[in-house]
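Trainee: Could we take a close look at one part of this model together? I would like to start from the overall fold and then settle on the charged pairs.

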Amino acid sequence: MKRVKVLVAKPGLDGHDRGAKVVAMALRDAGMEVIYTGLRQSADEVVKAALQEDVDIIGLSILSGAHMRICEKVLNLMKEKGIDEKPVFVGGIIPAEDALELKKMGILEVFGPGTPLKAIVDSIKGAVDK
Amino acid sequence: MSERLFYANQLAISRTLTRIENDRSVAREIIGSLEERDYHVVGITGSPGAGKSTLTDRLALLSSKEKRTAIIAIDPSSPFTGGAFLGDRIRMKSSTKSEEIFVRSMASRGKVGGLSPSIYDAVEFLGRSGFDRVFVETVGAGQSETDIENLADVVLLVLAPGLGDDVQTMKAGIMEIGDIFAVNKMDLPGASQLATRTGAILEMSGRELPIILTNSINGQGVEELHNLIEKALGELDISGAIEEKRRRRTLYNNLNSVYQIIKEDFSENAKLEELMNYLLENRRLSDES
């Protein structure tokens, strides 16, 4: 029996995990298996969790403003470890021009405040089905 | 691939575990292709919030100094949506950082009893891939999640104060399993009373088992607990009782497979009725004889 596995991670130093938890619960309620890492993870730890858990997709919640640097690090490490086929989406306070840059970098989708949970669920389902 | 190499390749282990989790017959094939190997399984069970994950984290770290160590941590799947929130990694700060320890979360996927349908195969695979110690943390166990007894060589039951009076410790089920008892959160009021009461209850049922006070946050008592586990495993090896444990693990693995086959493949099959009638008929005959 196959189930969609999602890693919801909080890389970086901001301590606000309400958004990540709300998204994690919504994915759980959509029938997915969600692995939540907890706060203040390094890029290393996030990639390691994704590798050991063999998730289908990775979500990063970043509210610290350090999204460019963190995403770059995570994507590079994923490549290094041989798991760069896994799609990555980002949620948080991300300026529109940065969101564009992130997508160019290889981030699948960027979800800002106010995104309906259903949009996130549908986007993940779409990405995993591919 | 040689066993040693496989152990070192976390990516290969991880991807193979996914295949094992998703397909039972693939699991059998993979396990069959690896040579049998001796390893030990330590089960950790207890109420939700008793401190199982934090304690497992510390025990695994101690174990990893001498043995190749893996953890499988199980959390419940929703019976309504099939979804799951797997939060054990949050508490496993040392093990998830360590390069030596492999940590994997698993959802219970409709299995009651505190484990998950593919747990036996997953554990056997890790053992055959080169791990010497596999820690299995069950879902937060209430009163009747006792399946870990069939899977693990040594079961650690984690208790914490504040969850009821001694009537709770007299009930059948979870208090009947466990080879070692840890009363965690020893800094909270009621911890030493709980240890004393648990000892008294165990004595009444003729089981004199080690009970130890621990604090999984600051590590108090954990090294002693680690030594107790090692000692228990060592005694199983010396007495040869470990062979019986392994035989039982294989038996329950097969039983679990049969159950899953019936549930998944035969639930709408006419043959199931035939099989059930056969079993019921045999049961009647053996009862009469």
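What share of the contacts in chain A with a separation of 6 or more comes from residues 24 or more positions apart? And which residues are linked in a network of salt bridges?

Mentor: Happy to. This is a predicted model, in which local features need pLDDT of at least 70 and side-chain atom pairs count only at pLDDT 80 or more, while totals for chains, interfaces and linings use all residues. Residues are numbered from 1 along each chain as its sequence is written, chains are lettered from A and ligands numbered from 1 in the order in which they are written, and side-chain values use heavy atoms, without hydrogens and water.

To your first question: the share is 70% in chain A, where contact means heavy atoms within 4.5 Å. Chain A has five helices and five strands, and from the N terminus they run β-α-β-α-β-α-β-α-β-α; helices (H or I, at least four residues) and strands (E, at least two) are DSSP runs, numbered from the N terminus. Of the 130 residues in chain A, 53% are buried, meaning under 20% relative accessible area with a 1.4 Å probe and protein chains only, against over 50% for exposed and in between for partly exposed.

Now the charged pairs. Side chains of opposite charge can pair when their charged atoms come close. There are 23 salt bridges over all chains, each a side-chain nitrogen of Lys or Arg within 4 Å of a carboxyl oxygen of Asp or Glu. The network you asked about links A:Glu33, B:Glu21, B:Arg104 and B:Arg109.

B:Glu21 sits in helix α2 (residues 10–22) of chain B and B:Arg109 in the loop between β4 (102–107) and α7 (119–128), so the pair ties together parts 88 residues apart in sequence. B:Glu21 is buried, at a relative accessible area of 9%, and B:Arg109 is buried with a value of 9%.

For a local counterpart, look at B:Glu124 and B:Arg128, whose side chains meet in a salt bridge of 2.7 Å, N to O. These two are four residues apart in helix α7 of chain B, so about one helical turn separates them. Both B:Glu124 and B:Arg128 are buried.
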